[in-house]
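Please read these notes with the model open.

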Amino acid sequence: MLGSLRALLFSLALPAALLLMPSAAMAMDDDSPVVSLRHSPWLALRFEQDGKEVLLRRGEALKSSVQLKKRPFTIVLPVRGEDDTYWITAWSEASIFEKIINKPQPVLDMPLFFQPGTSMADSRAGSGRLMLSEQGHHFLNGIRLGPDLDRHTFHVSSVLDTDLDGERRDRPIQKVDGPIYLVAWFDENDDQEINYGEYEYLVLNFR
């Protein structure tokens with residue numbers, strides 16, 4: 001009789017104990033969920049690699065990130081009109097994100113990398129090179145957005161940066177560790193001012 005009573009009490013206590021124990025599922029619920037995006041939240045930029053679309057991760061405010069393989073990739077930019085122009089600056093540090101303030105910035109108040117005369121020279125139709133500089137930008141328009149009228153693209157297969165000796169070097173993307181930080185701008189109302197909603201930040205991570 002006593003043995004049966006003990007067995008009954010144990011069977012009643014076990015479910016309660018299991019409810020109090022932390023489980024793997026409960027631990028996963030405590031983690032912040034990752035919000036994936038097909039395109040960046042402000043300029044609707046997309047990334048493609050190996051013929052497939054790569055999802056982005058939504059970050060804080062104007063920032064999003066993407067996880068890429070150390071292989072060539074393509075940034076796909078929306079077609080908005082007949083004379084679209086995108087400005088993109090790439091750098092090895094997130095400090096470039098601090099150069100833009102959240103209010104209209106006329107030309108003279110723009111960060112140095114977006115001021116007139118700071119576009120970086122490349123071949124007429126683009127060379128697949130992403131140039132890293134906190135003092136210049138890629139000026140993407142016309143055929144530099146690719147040969148197809150209905151699709152704007154910026155293909156990246158190498159990175160031009162500066163080594164420890166101050167020498168410029170052009171490395172294949174397979175040799176790049178990253179991350180790389182981008183500031184992208186599209187002057188939507190063509191007023192030569194950086195307005196909120198016309199720019200955003202992207203972090204490129206590589207694995």
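1. With which residue does Asp161 form a salt bridge? The partner is Arg169, with the closest N and O atoms 2.8 Å apart; a salt bridge here is a side-chain nitrogen of Lys or Arg within 4 Å of a carboxyl oxygen of Asp or Glu. Asp161 counts as buried at 9% relative accessibility, whereas Arg169 is partly exposed at 32%. Buried means under 20% relative accessible area, exposed over 50%, and partly exposed in between (1.4 Å probe, Shrake-Rupley method, protein chains only).

2. This is a predicted model, in which local features need pLDDT of at least 70 and side-chain atom pairs pLDDT 80 or more, while totals for chains, interfaces and linings use all residues. Residues are numbered from 1 along each chain as its sequence is written, and side-chain values use heavy atoms, without hydrogens and water.

3. The whole structure holds eleven salt bridges. One of them joins Glu48 and Arg46 (3.4 Å, N to O). Arg46 is partly exposed, at 22%.

4. Lys70 and Asp177 form another salt bridge, at 3.1 Å between the closest N and O atoms. These two residues are 107 residues apart, Lys70 lying in the loop between β5 (63-68) and β6 (73-77) and Asp177 in the loop between β12 (168-172) and β13. Strands are DSSP runs of E, at least two residues, numbered from the N terminus. Asp177 is exposed at 53%; Lys70 is partly exposed at 26%.

5. Strands β7 (residues 85-91) and β9 run antiparallel and are joined by four bridges; pairing requires at least two DSSP bridges. Trp87 stands opposite Phe139 in β9. Phe139 and Asn141 form the uncovered face of β9, His138 and Leu140 the covered one.
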